[in-house]
Amino acid sequence: MPRLTALPTALVTAWRAGAPDAHGLPPERHVSDGTGNRCRHCLRLIPEGTDFLIVAHRPFDHLHAYAEVGPVFVCADDCARHADDGRLPPAMTSAPDYLIKGYAADERIVYGTGQIVAPDAMLGAAEALFADPQIAFVHIRSARNNCYQARIDRA
Amino acid sequence: MIRYTALPTDQVDAYRRGGPDAFGNAPERAVSDGQGNPCRHCLREVPAGARMLILAHKPFVGTHPYAEVGPIFLCADACQAGGGIEVPEVLTTSPDYLIKGYGPDDRIVYGTGAVIPAPDIAARAALLLAQPGVAYLHVRSARNNCYQLRIDPVA
């Protein structure tokens, strides 16, 4: 099965130390209400009453028209980066569906790959997309809020 | 009453002159295949064979984590500004669209985002704009995320 890839620890650690986000702004600090604030590093729900950061993140290596920027949450304190075990973590099965999109190696959307899928169908749908050799990676986003969740990489 | 709001003509003209996009890059030039290339100024499909621009756009005035940036298309040549109270062509070419409400602080009003069948957009928009705390709406592609237009209340 394809692999689920969380944000790199080095990036998240830098934000925690106050490093600027994709807009050049320092991360915002908030307190989680425990509902729907998912950390993109540990891929768990941020518990109620716990501090978290809101930053603008660009989950692409290069600056080009398709390099979307948008808000993500991460735990304000240290957390263990999600280790892929071939399954979706429980916090990523909380929404009824997600948007997944396939990208080519040049980081551009491969039009026609975007689809809204239920959590239990997500990894299978990504695997089907990877049957096309031009698909380099898949992004998971909120189907309702757009927000970037995680990347899916070829097995 | 609701109003569909296109990108301002002065901003579009700046992009046509090669002015920088949200990342400081000059807009890319491409030729439309006439399928799924909506112009965010005239709010019509860029006709097959016509030249278009692809660029990263931030449809927000300020810069903060929720100020999303992503790709849009524009007619490369002059076109008539779209928008108004009639449903524009670009909201009739897909079966559904993602609609999200924003507060006066330009942040997502969580709970407002939903994928809505195209014929139901006007009714959904009127409902959301009647909700306290919702200042305006963004319409995006349900499958590709791309920003389409803003919906504003008409006083």
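Helices and strands here are DSSP runs: a helix is H or I with at least four residues, a strand is E with at least two, and both are numbered from the N terminus. With that in hand, take chain B. From the N terminus on, its elements run β-α-β-β-β-β-β-β-α-β-β. That makes two helices and nine strands.

A word on the source. This is a predicted model, in which local features need pLDDT of at least 70 and side-chain atom pairs count only at pLDDT 80 or more, while totals for chains, interfaces and linings use all residues. Residues are numbered from 1 along each chain as its sequence is written, and chains are lettered from A and ligands numbered from 1 in the order in which they are written.

Now the overall form of chain B. Its C-alpha atoms fill a box of roughly 40 × 30 × 30 Å along the principal axes. The radius of gyration, taken over C-alpha atoms, is compared with a globule rule of 2.2 Å times the number of residues to the power 0.38. Chain B has 15 Å, which agrees with the value near 15 Å for a compact globule of 155 residues. Buried residues make up 43% of chain B. Buried means that 20 or more other C-beta atoms, placed from the backbone, lie within 10 Å of the residue's own.

Next, the strand pairing. Two strands pair if DSSP finds at least two bridges between them. Which strands does E9(B), residues 147–153, pair with? Four bridges join E9(B) to E1(B), residues 2–5, and the two run antiparallel. Here Thr5(B) has Arg150(B) as its bridge partner. Another four bridges join E9(B) to E8(B), residues 136–141, again antiparallel. In that pair, Arg140(B) stands opposite Tyr147(B). The E8(B)–E9(B) hairpin has five residues between its strands, and Asn145(B) takes a positive phi near 80°.

Over to chain A. It has two helices and eight strands. Their order from the N terminus is β-α-β-β-β-β-β-α-β-β. Its C-alpha box is roughly 40 × 35 × 25 Å along the principal axes. Of its 155 residues, 45% count as buried.

Last, the interface. How many residues of each chain are in contact? It is 27 of chain A with 28 of chain B, where contact means C-beta atoms, placed from the backbone, within 7 Å. On the chain A side, strands E3 (51–57), E4 (70–75) and E6 (115–117) each give two or more residues. E3(A) gives the most, with three.

Conventions
Two residues are in contact if their C-beta atoms, placed from the backbone, lie within 7 Å. A residue is buried if 20 or more other C-beta atoms lie within 10 Å of its own, exposed if 12 or fewer, and partly exposed in between; C-beta atoms are placed from the backbone.
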